[in-house]
Amino acid sequence: MAKTVVVDAEKNCRGVGCPLNMVYAKVELAKLKSGQVLEIVLDDGPPINNVPGSVQKEGHEVLDKKQLEDGSWQVLIRKA
Amino acid sequence: MRDFSLEQLERYSRHILLQDVGVEGQEKLLDAKVLVVGAGGLGCPVALYLAAAGVGTIGIVDNDTVEISNLQRQIAHFTKDIDVPKVESAKEKMLAINPELEIRTYQLMLVADNIRDIIRDYDFVIDGTDNFPTKFLVNDACVMEKIPFSHGGILRFDGQTMTVVPGESSCYRCTFRSPPPPDAVPTCSQAGVLGAIAGMLGTIQATEALKFITGAGSLLTDTLLSFDAKTMNFRKVQLKKQDNCPLCGQSPTITELVDAEQAVCSL
Ligand SMILES: [Zn+2]
C-alpha cells in the first residue's frame, strides 16, 4: 500500500479456527474507538475466507489483506 | 471493557457473534440482575436459559418443595430432588450449567410486605407464578418500583405473555383490572397443562429478559402474545396504556400493596 496506515491494535489469530477468530476480532474491535485500525493475522482457508466478510457485514472497513510468508494473512480493519 | 477469559469467550461466543448482542451485550448480561418469581413450569426454563446466557446475578423465589407431579414440566427438577426446596434444586442446576454466576435463593411466599424490598435490587423481573393474586401483586409491585417485567401464564394447551415497562407501556391492570374471584378459574391441578408449553412460554419470557438487557430488537410491550398449542396458532393483540388504570393511570386508586385471597394452584 502506498500510504502508511497507523495500526492501533494487533491480534494474532494463527491456529484459531472459525468462529472463535471472529469472536477475537469483535473483542479487539470493541476495545478500539471509531476510526482506529486493528491488524489481525488469520490462517489461510476458512478463516481468511470468512472473517473479513463477517467484519464488513458489521459495518467495519477492511483496508488491506496481505498473505505472509508462512501462508497466513495479515488483515487491516478500520473500526466503524 | 471487561476482560473476558478465554473460557468466557468460548462459552458466550454464540452471543458475541450476534451483531445485536456482541461483546457489549454480553458484558451487559454479566452485569445484569434478574429475579425469577416461581421455580415451576415457567420459572425452570427461564432460570436455566438465563444462567446459560450468563446473566450475572439471578434471584429465584419459591416457597415449595419438589413433588413428583411437578416433574412432567418443571425441567430444572429431577426425580432425585423430590422433597428438596425448589429454589435449591433450581440453583444446583443453574450452577451446574454456569458456575460463575451469583444465584440468590428466596424460599418464601411473596406477599405485600416483602415483595418491594426483594424486587428493588433487580433490573428485570420474570413472573412465572401460577395464580392470579400473585400475578397482580408482581404487576403492582413492579409498577410501583418502576421495574420492567415479563408476565406469563399457561393453562391446558394455552399460553400468554406480555412485557411491561412501567411508565412507558401498559401494565397488566390496564387490561385485566382485578384478579378473578378464587372459584371462577380452574386451578391448574384440576385443569391440567401440557408439559412442553411451559418451555414454549418460559423461553419466550427468557428471550424478553435477554432482549431488554442487551437492547436487541423490540419488546412485547403493549402487546399480549398468546398461543394455542393444539393448532399452533400464535396471536398478538395490541394493548394501550389506560389513563383510567387504577394502578398506572392518571389518578391511581391503588397506591399500596394488599394481599388478596389465593386460590392455590400448582403449575
Ligand atoms: Zn396500568
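**Exercise 1. The zinc site**

Which protein donors does the zinc ion have, and how far from the zinc ion do they lie? Work out the arrangement of the donor atoms as well.

*Solution.* The model is a predicted one.
Step 1. List the donors: they are the SG atoms of Cys171(B), Cys174(B), Cys245(B) and Cys248(B). Their distances to the zinc ion run from 2.2 to 2.3 Å.
Step 2. Check the angles. Four donors count as tetrahedral if all angles lie between 85 and 135 degrees. Around the zinc ion the 4 donor atoms subtend angles of 94 to 119°, so the arrangement is tetrahedral.
Step 3. Read the spacing along the chain: the donors follow C-x2-C-x70-C-x2-C. Cys171(B) and Cys245(B) link distant parts of the chain, being 74 residues apart. Cys171(B) sits in the loop between β6 (158-164) and α8 (172-175) of chain B, while Cys245(B) sits in the segment after β8 (233-238) of chain B.
Step 4. Both Cys171(B) and Cys245(B) are buried.

**Exercise 2. Two helices in chain B**

Describe how helix α3 of chain B and helix α10 of chain B pack.

Step 1. For α3 (residues 22-31) and α10 (residues 195-214) of chain B, the axes come within 9 Å and cross at roughly 110°.
Step 2. Angles of 65 to 115 degrees count as roughly perpendicular, and α3(B) and α10(B) are therefore roughly perpendicular to each other. The crossing of α3(B) past α10(B) is right-handed.
Step 3. Name the residues in contact: α3(B) contributes Gly25(B), Lys28(B) and Leu29(B), and α10(B) contributes Leu210(B), Ile213(B) and Thr214(B).

**Exercise 3. A helix pair across two chains**

Find the angle at which helix α1 of chain A and α3(B) pack, and the residues that meet.

*Solution.* Step 1. The axes of α1(A) (residues 20-31) and α3(B) are 8 Å apart, at an angle of about 85°.
Step 1. This angle makes α1(A) roughly perpendicular to α3(B).
Step 2. On the α1(A) side, Lys26(A), Val27(A) and Ala30(A) meet Gly22(B), Val23(B) and Glu24(B) of α3(B).

**Exercise 4. Backbone angles**

Is the peptide bond from Cys18(A) to Pro19(A) cis or trans? Is the phi of Lys146(B) positive or negative, and what is the phi of Met232(B)?

Step 1. The bond from Cys18(A) to Pro19(A) is cis, with omega near 0°. Pro19(A) belongs to the loop between β1 (9-13) and α1 of chain A.
Step 2. Lys146(B) is not a glycine, yet its phi is positive, about 60°. Lys146(B) is in the loop between α7 (132-145) and β5 (149-155) of chain B. Its relative accessibility is 65%, so Lys146(B) counts as exposed.
Step 3. Met232(B), also not a glycine, has a positive phi near 60°. This residue lies in the loop between β7 (223-228) and β8 of chain B. With a relative accessible area of 46%, Met232(B) is partly exposed.

**Exercise 5. Sequence and space**

How far apart are Thr255(B) and Met144(B) in sequence and in space?

*Solution.* Step 1. Thr255(B) is placed in the segment after β8 of chain B. Thr255(B) counts as exposed, at 56% relative accessibility.
Step 1. Along the sequence, Thr255(B) and Met144(B) are 111 residues apart, and their C-alpha atoms are 8.1 Å apart in space.

Methods: Residues numbered from 1 in each chain as written. Chains lettered and ligands numbered in written order. Predicted model: local features only at pLDDT ≥ 70, side-chain atom pairs only at ≥ 80, totals over all residues. Heavy atoms only, no water. Donors = N, O, S within 2.8 Å, 3.2 Å for Na, K, Ca; no water. Tetrahedral: all angles 85-135°; square planar, octahedral: opposite > 155°, others 65-115°. Helix = DSSP H or I, 4+ residues; strand = E, 2+ residues; numbered from the N terminus. Buried < 20%, exposed > 50% of the residue type's maximum accessible area, 1.4 Å probe, protein only. Axes fitted to C-alpha atoms, helices over the stretch in contact; angles between N-to-C directions. Parallel < 35°, antiparallel > 145°, perpendicular 65-115°, else oblique. Left-handed = near helix turned anticlockwise from the far one by under 90°. Contact = heavy atoms within 4.5 Å.
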